[in-house]
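User: Hey, can you walk me through this one? I'd like to start with the pocket.

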Amino acid sequence: MKLIENPIRLNASLHKMIPNTVRHLYGSRAIKFFTTYTLGAVHVYYIDAFSQIDIVMTNDSRRITDDQINYVIEKLMPDVARTDIEINQAAKAEIESETHKKLKRFKDLVIIEHKID
């Protein structure tokens, strides 16, 4: 496995890339920084929102494996204890029930969350 950082265009917006997910996580709160990666067919969004750091993983065609989740945590959050990380593998279903819309674009969506004290 290899995690590759993707360049972000000047006019790129998380609200355009993953709108329902961003609305679910942050509402109208500000996002400090984000960057995108790929891990094979998995799209990885690293989001720093001042009080929390989230990693959103999406795959268009298949389920995201535990190995992929562990690899991303190891690479993007190496200094964070596993007990401080919350992994939500049911995020897609939660977002769909909240918005009353199917996320047809994604086969699977996982959110990894780390609250900053």
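Analyst: On a 1 Å grid over the protein atoms alone, a pocket is an open set of points where a 1.4 Å probe fits, with protein on both sides within 12 Å along at least five of seven lines; lining residues have an atom within 4 Å of a point. The model is predicted, so local features need pLDDT of at least 70 and side-chain atom pairs pLDDT 80 or more, while totals for chains, interfaces and linings use all residues. Residues count from 1 along each chain as its sequence is written, and side-chain values use heavy atoms, without hydrogens or water.

User: Which residues lie nearest the centre of the largest pocket?

Analyst: Pro7, Arg9, Ala12, Met17 and Thr36, out of 14 lining residues.

User: And which strand gives the largest share of that lining?

Analyst: S3, with three residues. Helix H1 (14–17), S2 (33–39) and S3 (42–48) each supply at least two. Helices (H or I, at least four residues) and strands (E, at least two) are DSSP runs numbered from the N terminus.

User: New topic: what's the strand order in the sheet?

Analyst: S1-S2-S3-S4-S6-S5, an open sheet of six strands with antiparallel pairing. Pairing takes at least two DSSP bridges between two strands.

User: Which strands stand at the edges?

Analyst: S1 (4–6) and S5 (85–88); each has a single partner strand, so one side of each has no neighbour in the sheet.

User: How many bridges join S5 to S6?

Analyst: Four, and the two strands run antiparallel, with S6 covering residues 108–115. Glu86 has Glu113 in S6 as its bridge partner.
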